[in-house]
Each structure stands twice: as structure tokens, then as C-alpha cells.
Amino acid sequence: YTKITEYIKYLRQVAQDLKLKCEDREITFYIDNKFKPKNAKLEIALICKNKPKNKLVLPKNFYFKKYQKTKVSTFDYHGPYEYLPLFYQKFYDHLDQLRFTETEKNKVFEIYIKGFLNTKSKYDYLTKIGFPSKNL
């Protein structure tokens, strides 16, 4: 979790080297729903405008993935990434009270609308937190 920024920079560089056209935002999918600063299982993604027709040689652990459209509830979080764990503590407490299953809670994702690549101050960051759910 603490290396998300580093991974996003690397992912952007690989996409640039491969001449991929991507949107100016990133998505992090949480595989684990518990906050683990050093051992979190995450998928970090760029939103590509289209998949290249020719076969690319991608680095290890890189792949294209298409997600089905789904309805989600979203929350806008404004501020530095280091305070996101506080949001998640309250968020997961709320989901526990609503009796969400572990499977439902594991579908949380973040879209970095304004982040370190396109904003000067970390206090201006805008993260959209998505949660596919029928219950919210």
C-alpha cells in the first residue's frame, strides 16, 4: 500500500514506452479488504483507450483486463493518501454493521482523479472510492 505512488509511476513509464494511449487517471483494486501498509494485495491499473491490435510483450505481472460495466456507490475523498486508512476504518465498520460479506467488502476500488501526477498539493488530491453494491 505504501508503494502505490511508486508503482503508478512505473506503470505510466511502461505504458509510455509501449506507446499505449491511457486516460489521465489510475485505478487501484483492493484484493484484501484489511489495511496492510506493507503486504496488501492490490491491482493497479491504467485506463487504456483501446487495446493494441498487435501483440505486445508485456513485463511480468502486466496484462490487459476488461471489466464489465456495473453499478457502484461512490464516495469522493479529498486530501492526502496517508489519511485514507482512517476513511477505510470507518467505512468497513459501517459495512460490518450493514452485514456485508467478506466477498462484497473485497470489491472496493479507488480511482485517482487528481493525484501526484496532475496536482501540485497533496491536499488537493481527489480520490473516488467505488463499491459495487446493491445495499448502499
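Me: Taking buried as under 20% relative accessible area, exposed as over 50% and partly exposed as in between, is Lys-122 buried or partly exposed?

Reply: Lys-122 has a relative accessible area of 34%, so it is partly exposed. Bear in mind that this is a predicted model.

Me: What does the side chain of Lys-122 meet in a salt bridge?

Reply: Glu-82, with an N to O distance of 2.7 Å. The two sit in distant parts of the chain, 40 residues apart: Lys-122 is in the loop between β4 and β5, and Glu-82 is in the loop between β3 and α2. Glu-82 is also partly exposed, because its relative accessible area is 44%.

Me: How many salt bridges does the structure hold?

Reply: Five. Among them is one between Lys-128 and Asp-76, whose closest N and O atoms are 2.7 Å apart.

Me: Which strands do Lys-128 and Asp-76 lie in?

Reply: Lys-128 is in strand β5 (residues 126-131) and Asp-76 in strand β3, so the pair ties together parts 52 residues apart in sequence. Lys-128 is partly exposed at 26% relative accessibility, and Asp-76 is partly exposed at 45%.

Me: And what does Arg-25 form a salt bridge with?

Reply: With Glu-23; the closest N and O atoms are 2.7 Å apart. Arg-25 has a relative accessible area of 29%, so it counts as partly exposed. Glu-23 is partly exposed too, at 24%.

Me: Step back a bit. How many helices and strands are there?

Reply: Three helices and five strands. Along the sequence they run α-β-β-β-α-α-β-β. The protein has 136 residues, of which 35% count as buried.

Me: What pLDDT does the protein average?

Reply: The average is 83, and 88% of the residues score at least 70.

Me: Where is confidence lowest?

Reply: In helix α3 (residues 102-105), with a mean of 67. It is highest in strand β4 (residues 109-114), at 91. Where pLDDT is low, the predicted coordinates should not be read in detail.

Me: Now α2. How many residues does it have?

Reply: 14 residues. From first C-alpha to last it reaches 20 Å, close to the 20 Å expected at 1.5 Å a residue.

Me: Which residues of α2 are buried?

Reply: Leu-84, Pro-85, Tyr-88, Phe-91, Tyr-92 and Leu-95. Looking down the axis of α2, these buried residues fall within an arc of 115°, so they line one face of the helix.

Me: Which exposed residues does the face turned away carry?

Reply: Leu-86, Gln-89, Lys-90 and Gln-97 are the exposed residues on the face of α2 turned away from its buried side.

Me: What phi does Arg-99 take?

Reply: A positive phi of about 65°, at a place just after α2.

Me: Back to Leu-86. Which residues make the nonpolar surface patch with it?

Reply: Tyr-83 and Tyr-123. The patch made by the three is about 350 Å².

Me: Where is Tyr-83?

Reply: In the loop between β3 (73-78) and α2 (84-97).

Me: Why does Tyr-83 count as partly exposed?

Reply: Because its relative accessible area is 41%, which lies in between the under 20% that means buried and the over 50% that means exposed.

Key
Residues are numbered from 1 along each chain as its sequence is written. This is a predicted model: local features need pLDDT of at least 70, side-chain atom pairs count only at pLDDT 80 or more; totals for chains, interfaces and linings use all residues. Side-chain values use heavy atoms; hydrogens and water are left out. Patches are made of residues with over 30% relative accessible area and no salt bridge: like charges are joined within 9 Å, nonpolar side chains (Val, Leu, Ile, Met, Phe, Trp, Tyr) within 5 Å. Accessible areas come from the Shrake-Rupley method with a 1.4 Å probe; for residues, only the protein chains shown count as cover. A salt bridge is a side-chain nitrogen of Lys or Arg within 4 Å of a carboxyl oxygen of Asp or Glu. Helices (H or I, at least four residues) and strands (E, at least two) are DSSP runs, numbered from the N terminus. Buried means under 20% relative accessible area, exposed over 50%, partly exposed in between (1.4 Å probe, protein chains only). pLDDT is the predictor's confidence in each residue, from 0 to 100. The expected span of a helix is 1.5 Å times one less than its number of residues. The arc is that of the directions from the helix axis to the C-beta atoms.
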